Amino acid sequence: MDAHTHPSSAGRITAVLGPTNTGKTYLAIERMLGHASGMIGFPLRLLARENYDRIARIKGAGMVALITGEEKIVPPRARYFVCTVESMPLDRRVSFLAVDEIQLCADRERGHVFTDRLLHARGLDETMFLGSDTIRPLLKRLIPQAEFISRQRFSTLSYTGYKKVTRLPRRSAVVAFSASDVYSLAELVRRQRGGTAVVLGALSPRARNAQIDMYQAGEVDYLVATDAIGMGLNMDLDHVAFARLGKFDGRGPRRLTAAEMGQIAGRAGRHMSDGSFGTTAEVEGIDEEMVEQIENHAFEPLKALTWRSSSLDFRSVGSLQRSLEARAPYPFLMRQRDAGDTLALEVLSRNEQLLARARNAPTVRLLWEVCQIPDFRKLLTDHHTALLTRIYLQLTEGANRLGTDWVAKQLDQFDSTNGDIETLVERIAHIRTWNYIAHRGDWIDDPQHWQERARGIEDRLSDALHERLTQRFVDRRSAVLVKRLKDQDELIAIVRRDGEVLVEGHAIGRLDGLNFIADDKAIGEEAKALRTAARRALSGEMPGRVRRLEETPDTGFRLLPDGGISWKQEAGDEAVVGRLRPGGSILRPGVEPFGDDLLTPGLRDRVEQRLAGWLAAAVADALGPLAKALDADLPGPARGLVFQLGEGLGGLSIGAAGAMLSALQPADRKKLTRLGIRFGTESVFFPALLKPKAVALRAVLWSVQHKARPIPHPPAPGRVSFATDEAPAPDGFYPAIGYAVLGPRVLRIDMVERIAAIARGLLREGDGSFAASPELLSLAGCGAVEMVGILTALGYRASIDETGTRFRKPKRQPKPRSAKPKPVEPARPQAFDSPFAVLKALGSGGRR
């Protein structure tokens, strides 16, 4: 190997290789702290910060330095240096040196930096490289003397196949590879599961950590992320679900390699806890060969590493560019061609004004340093190159410093927390660039002031971005409730006078009587969480509420037309607390209380008992004459007739009552008449039960017992006649509420008796026939054509002579009419306004 490819070193060189979750980083830090001094390079700023905090707690802040492109904390007596790989101060001699994720030597964008550290960075006594086993063959070729330590994963990683996003287990991460995909998936998880943390590479470390902390604290159980989670984020993940298997890598779209998928899937399961991975969304599955590689951590070795010469020639811009294009010493070292700094140099070298100033080694070196200012948007736009140009021109004139007013103006334009997520992400990218510039103390006056200013802006933007992400992708109410429920904490609940329920300060729905109604905006798992929280939080509220219901007088309850039972609460508003259900008899329906989610069996029994007591009193009040007759001491035939009247809710047709009527004695009829029963020629009934209150109750009682849904509406109060097709109803409904279906009309039975009586009088006065009089038509509320159908249903025959339509009694008595009328067929309205219909009615007489 050429002498320039790596330094001579007597120290021990160790490569600790293995998959994720093998304790490599822990081992390296432990080894470093065993030395008098040390340095460790991490691939990410947030990883460097996390481990800096950890080491500072062990050794003390005065002994530990943090050096990244955007943050520098270097105490005078620092002995341990925690850095990003790019920022490692290799001019400092330390006893121990380590580089994490060394397989990134193969990365197309940053790989040359890692390869440079692999070749040139050494500790005086010990050097350690940490990473994937895929780099083993090439690392062995570059550093033959290296010792290799293989680390096995502490837990197993298994493939579980495809699951819908809405069916993913808790503590899952959903992985996509574009911001738009991440946002759409996060929206779906929010709607179905209450919320998710979001992690993208474009987030600042502070915003990213805030999202991760929210996940780690259990405020949300899901994470939607890009491959940014594949490195440097230690989380309690149980499952990783791939929503995409391809990505855009800066050059074009491509499929993920097995090693890349393994790096991401390996986030599932930490330490001794097993993890799983699979697919979701539009990805149906992963092929068996790739699954086997991921489960066994057996990936194809790297075939090449990215390299760039570290021996740069600063005599001129041209010589610098030629040195950057130097050929690699080995075929498996691929020259870096499209790094951001070399592309920036190419653009700036076309500027004649800049070239005129870059005429010696110091100015060319400065130009190269300016080109290395990072563009965190990774776009190398005209805006960024214009910024680099302005910086270089200022640094090569006058005081060779950036103008204070200009720097202030640049920072001011990003110091705003207004805007949406995308706007904040872009501002953070810009301010991070300025954070990097502020740490160049040789470029700027009072660098500490500008460092604090830039860091303050970045922190405010990061906090605003975290807030926006949380607002968009997390239902804070659900997040808080899920955490408290999981921790089995006592929940603090308040029920306002209007019924609104607040749990832990969050409105979750309302208590309507005994029934909890969750916020109608909550669906899926969120609605389930609200109901669970309500059950726990309202357990102390319900006994008092049931006691108040028990103490409510009968006037505080009301039977609704649909069979529900309404309770007037203290605030004056009404709530439905139960409903009728079929019972042992039509006059004694059962009661079904509401509030199963909140009522214990004991409380439910008490509610049912109170509602049943009210219902019995309400039936006795509305159907008083019937109730009195049922309780009266009557002889057998009379008692049998009253029982049948009870089953008929206060009315019977003559046909149904015929046998019992013939068995009554004159004294029995008198007793029954005194009890309010009227004996007509067409029906036996209680006239008092034809009042609106009684009719409404009869409609509900009949419908509940016969399970009619929806419950038909009874006629409006005072309505005694209407067309059959005007208010369709099931068979038996109208007779049960005191109405009869006669041909084309539905008439109240007391009106039927009056019509029948007038018809009999007209028949006696005539010569055995009669015509419909105006009085008849007025009582029936119909015209002459419909009267044909009514009188035909009452047993009369219609005929037409020179005087018009006349009605006669048939010579042969018709058969007794059935107690159960034929069904109303509202879909076929009666067309009694044509001669053909009249003729048809003449031949089909009888009651419908």
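Residues are termed buried when their relative accessible area is under 20%, exposed when it is over 50%, and partly exposed in between. The structure examined here is a predicted model, and in it E608 counts as partly exposed because its relative accessibility is 23%, a value that falls between those two limits. The salt-bridge partner of E608 is R581, with the closest N and O atoms 3.3 Å apart. R581 lies in strand β25 (residues 574-585) and E608 in helix α20 (residues 601-622), so that the pair ties together parts that are 27 residues apart in sequence. R581 is likewise partly exposed, with a relative accessible area of 33%.

A search of the whole structure finds 44 salt bridges. Among them is the pair formed by D341 and R308, in which the closest N and O atoms are 2.8 Å apart. Because D341 belongs to helix α10 (residues 340-348) and R308 to the loop between β17 (305-307) and α9 (317-324), this pair ties together parts that are 33 residues apart in sequence. D341 counts as buried, at 11% relative accessibility, and R308 is also buried, with a relative accessible area of 10%. A further salt bridge joins E426 to R377, the closest N and O atoms being 3.9 Å apart; here E426 lies in helix α15 (residues 421-438) and R377 in the loop between α12 (361-371) and α13 (382-395), so the pair links distant parts of the chain, 49 residues apart. E426 is partly exposed, at 40% relative accessibility.

Eight strands form an open sheet of mixed pairing, in the order β4-β3-β5-β2-β6-β7-β1-β8. Strands β4 (72-73) and β8 (147-150) stand at the edges, each with a single partner strand, so one side of each is left without a neighbour in the sheet. Within the sheet, β2 (residues 38-42) pairs with β5 (residues 80-84) in the parallel sense over five bridges, and I40 has V82 in β5 as its bridge partner. Helix α1 (residues 24-33) packs on the sheet, where it touches β1 (12-17), β2, β5, β6 (96-99) and β7 (126-131), and its direction makes about 165 degrees with that of β7.

With a disulfide taken as a pair of cysteine sulfur atoms within 2.5 Å, the count comes to zero disulfides. For C83, the nearest cysteine sulfur is that of C105, 17 Å away. C83 is buried, with a relative accessible area of 0%, and C782 is buried as well, with a relative accessible area of 12%.

Methods
Residues are numbered from 1 along each chain as its sequence is written. This is a predicted model: local features need pLDDT of at least 70, side-chain atom pairs count only at pLDDT 80 or more; totals for chains, interfaces and linings use all residues. Side-chain values use heavy atoms; hydrogens and water are left out. Buried means under 20% relative accessible area, exposed over 50%, partly exposed in between (1.4 Å probe, protein chains only). Two strands pair if DSSP finds at least two bridges between them. Helices (H or I, at least four residues) and strands (E, at least two) are DSSP runs, numbered from the N terminus. Contact means heavy atoms within 4.5 Å. Axes are lines fitted to C-alpha atoms, for helices over the stretch in contact, and angles run from 0 to 180 degrees between N-to-C directions. A salt bridge is a side-chain nitrogen of Lys or Arg within 4 Å of a carboxyl oxygen of Asp or Glu.
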